[in-house]
Amino acid sequence: MDRRDLCRAALVLPLASALPVSAGAASGLTRVRPGDAAWPSVALWQKLGETLKGRLIKLETLFAPCQRSAVSAACLELGKYLSNPFFLGDQASATQVSGWFNAWKNEPSAYAIQANTHDDVAAGVRFAREHKLRLVVKGTGHSYQGTSSSQDSLLIWTRSMNRVEIIDKFVPQGCAGTVSAVPAVSAGAGAVWSDLYHAVTTKAGRYVQGGGCTDVGVAGLVQSGGFGSFSKGFGLTAAGLLEAEVVCFDGQLRVANACTNPELFWALKGGGGGSWGVVTKVVLRTHDLPKYFGYVGGKIRAKSDSAFATLVTRVMDFYADQLFNPHWGEQISLGTDRSLKLSLCSQGLSNEQVMAVWKPFFEFVRAVPDHYEEVEKLHAGAWDAQPWWDIAWNPSLRPDQRAGAPAYHAWWEGDQDQVGMTIYGYDSLWLPSRLLAKDQRKTLIDTLIAASDKHSVGLHFNKGLAGAPKEVIEQARQCATNPAVLDAFALVIIASGGKPSYAGLERSVLSKARSFIEAEVETRRIDRAMALLRQLAPNGGSYVSESNYFNDNWQREFWGANYARLQSVKQLVDPEGLFFVRHGVGSEAWSEDGFTPQKA
């Protein structure tokens with residue numbers, strides 16, 4: 001019986017019986033750093049490297065090659081591909097954004113384990129626990145909060161575990177005879193959504209509810225809850241989770257699903273990544289592919305304040321009457337220059353149906369050229385859904401042109417600005433559907449206009465589930481995500497960022513000073529705009545993966561009434577607090593950097 005079979009045998013054991021009882025989430029022992037007497041010796045690191053067969057990497061900053069030689073091949077490659085999100089995901093020292101002003105910056109771990117198997121992960125978990133190391137887990141590093149970046153830590157890097165497999169009939173382990181087999185797709189922890197969309201939609205002609213950004217890690221999105229362009233029709237990404245394999249704090253591999261370790265399974269569905277263990281594989285339900293996907297775009301600028309007020313009123317009325325349903329998702333944004341930008345997607349509507357829906361709105365704008373200017377031409381349409389993520393078909397996708405890269409890896413043009421950026425400020429808030437009621441809509445509209453005078457405001461309709469089918473709402477209710485999402489018609493996001501600021505990336509003193517001033521100004525503008533909206537929805541909640549780093553009420557905002565149950569699960573599955581992320585479940589027991597236990 002080989003190691004793999006032994007692990008599988010352990011999966012069926014009840015989780016609670018395998019874990020020791022502890023009085024608190026933190027072990028009470030300060031984690032060690034390089035230079036501390038308890039830091040593992042060179043010999044111990046070498047022994048771990050031998051166990052891992054060369055997959056232990058001593059890390060340095062991303063731009064260290066350029067500091068040694070500006071003309072080296074490694075430095076030139078950085079210059080060529082720094083704007084490629086897939087390249088950044090393939091670097092152990094990189095994160096998809098380079099940091100957050102006055103919050104965190106990209107800092108590589110001391111060592112990384114480039115995990116290829118569950119055993120690699122288990123070896124890293126046991127080593128970190130035994131030697132009291134700060135442990136970090138990263139798939140692609142696509143975290144605005146910087147949860148996959150921590151100096152002086154041991155990184156378990158799952159990017160190489162990216163196998164994807166279509167499953168015609170899947171029954172979760174331990175559920176035989178109680179649930180029916182369903183079509184599914186399995187994905188290793190290092191897979192990104194490009195991998196799944198290619199396998200499930202482009203090749204197999206089915207659909208999996210995933211993320212909008214194609215370079216985001218699949219496992220990470222599941223653990224955050226997860227939204228995509230068509231969430232109003234298919235729900236949270238987390239709601240599609242059928243089963244996960246997880247290496248827990250004791251180094252044991254376990255299965256979590258509705259029948260086996262159900263509390264861990266629930267926590268993985270939106271309870272936040274990095275808090276529960278190292279997820280090594282997920283299995284997600286797939287759906288019949290809608291016949292059509294569609295898109296509506298364009299940008300309108302009003303020529304007066306009164307015309308802008310009329311435009312915002314018209315678009316919000318139009319949304320409430322025509323778009324507040326499972327067919328429509330994505331966003332509109334209101335600019336400080338009195339502009340309205342449309343970037344919406346549809347599913348299940350033909351080209352004729354999409355055009356019929358939007359014809360009255362387009363005609364309204366074009367009927368009064370003295371009031372409105374089409375800065376970007378208004379356009380709408382729908383096409384066959386299957387080639388939506390096919391690079392050869394969709395011109396909005398930018399291919400990863402590196403030698404050896406998968407031919408289907410590409411990212412949306414609209415996501416380019418966030419690649420490598422430094423976040424200046426970011427905040428989000430769910431807006432409850434009651435604000436769309438006719439007796440409250442004017443207040444909503446007036447507040448949106450006032451907020452957009454201070455900073456551009458994005459309304460992400462696909463990131464609130466109000467208007468979705470009843471079964472979608474009920475499936476999301478079984479997830480750990482803040483229940484506020486169930487009755488939210490949109491997630492409002494206000495954000496800003498600047499140029500990359502990776503360690504070692506040379507920038508002039510003047511450029512740094514300008515960035516500092518710009519970041520200070522942007523942060524204040526974002527705070528003032530969001531303060532107005534929070535008056536409308538003081539208990540609206542915030543999406544954990546797209547939220548304010550400085551949110552003082554993060555437990556309530558991220559998880560609402562679910563937080564108490566999540567704390568209980570944390571005590572069950574990680575009683576020593578080995579898995580730490582800032583503002584993650586149980587992080588109250590630790591210092592901000594996760595190295596020092598805090599007194600109760």
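My entries cover the ground rules, a sheet, the helices and a hairpin.

**Ground rules.** I am working with a predicted model, where local features need pLDDT of at least 70, side-chain atom pairs count only at pLDDT 80 or more, and totals for chains, interfaces and linings use all residues. Residues are numbered from 1 along each chain as its sequence is written, and side-chain values use heavy atoms, with hydrogens and water left out. Helices (H or I, at least four residues) and strands (E, at least two) are DSSP runs, numbered from the N terminus.

**The sheet.** I looked up the strand order of an open sheet of 9 strands. It reads β3-β2-β20-β22-β21-β15-β16-β14-β17, with mixed pairing. Two strands pair if DSSP finds at least two bridges between them. The edge strands, β3 (104-105) and β17 (372-384), each pair on one side only. I then checked β2 (residues 99-100) and β20 (residues 422-432). They run parallel, joined by 2 bridges. Glycine 99 stands opposite threonine 422 in β20.

**Helix α12 with α14.** How far apart are the axes of α12 and α14? I found 10 Å between α12 (residues 305-323) and α14 (residues 438-452), at an angle of about 130 degrees. Axes are lines fitted to C-alpha atoms, for helices over the stretch in contact, and angles run from 0 to 180 degrees between N-to-C directions. That angle makes α12 oblique to α14. Angles under 35 degrees count as roughly parallel, over 145 as roughly antiparallel, 65 to 115 as roughly perpendicular and the rest as oblique. I listed the contact (heavy atoms within 4.5 Å). It includes Phe308 and Val312 of α12, and Leu444 and Leu448 of α14.

**Helix α12 with α13.** I turned to α13 (residues 351-366). Its axis lies 11 Å from that of α12, at about 170 degrees. The two helices are therefore roughly antiparallel to each other. Among the residues that meet are Leu311 and Phe318 in α12, and Trp358 and Phe361 in α13.

**Helices on strands.** α12 lies across several strands, including β14 (292-302) and β16 (339-347), and runs at about 170 degrees to β15 (328-334). α14 lies across β15, β20, β21 and β22, at about 135 degrees to β21.

**The hairpin.** β10 (residues 241-247) and β11 pair in the antiparallel sense over 4 bridges. Valine 247 has leucine 253 as its bridge partner in β11. The hairpin has 5 residues between its strands, and glycine 251 in the turn has a positive phi of about 85 degrees. In β11 (residues 253-256), Leu253 and Val255 point one way, Arg254 and Ala256 the other way, and all are buried (under 20% relative accessible area, with a 1.4 Å probe and protein chains only).

Conventions. Buried < 20%, exposed > 50% of the residue type's maximum accessible area, 1.4 Å probe, protein only.
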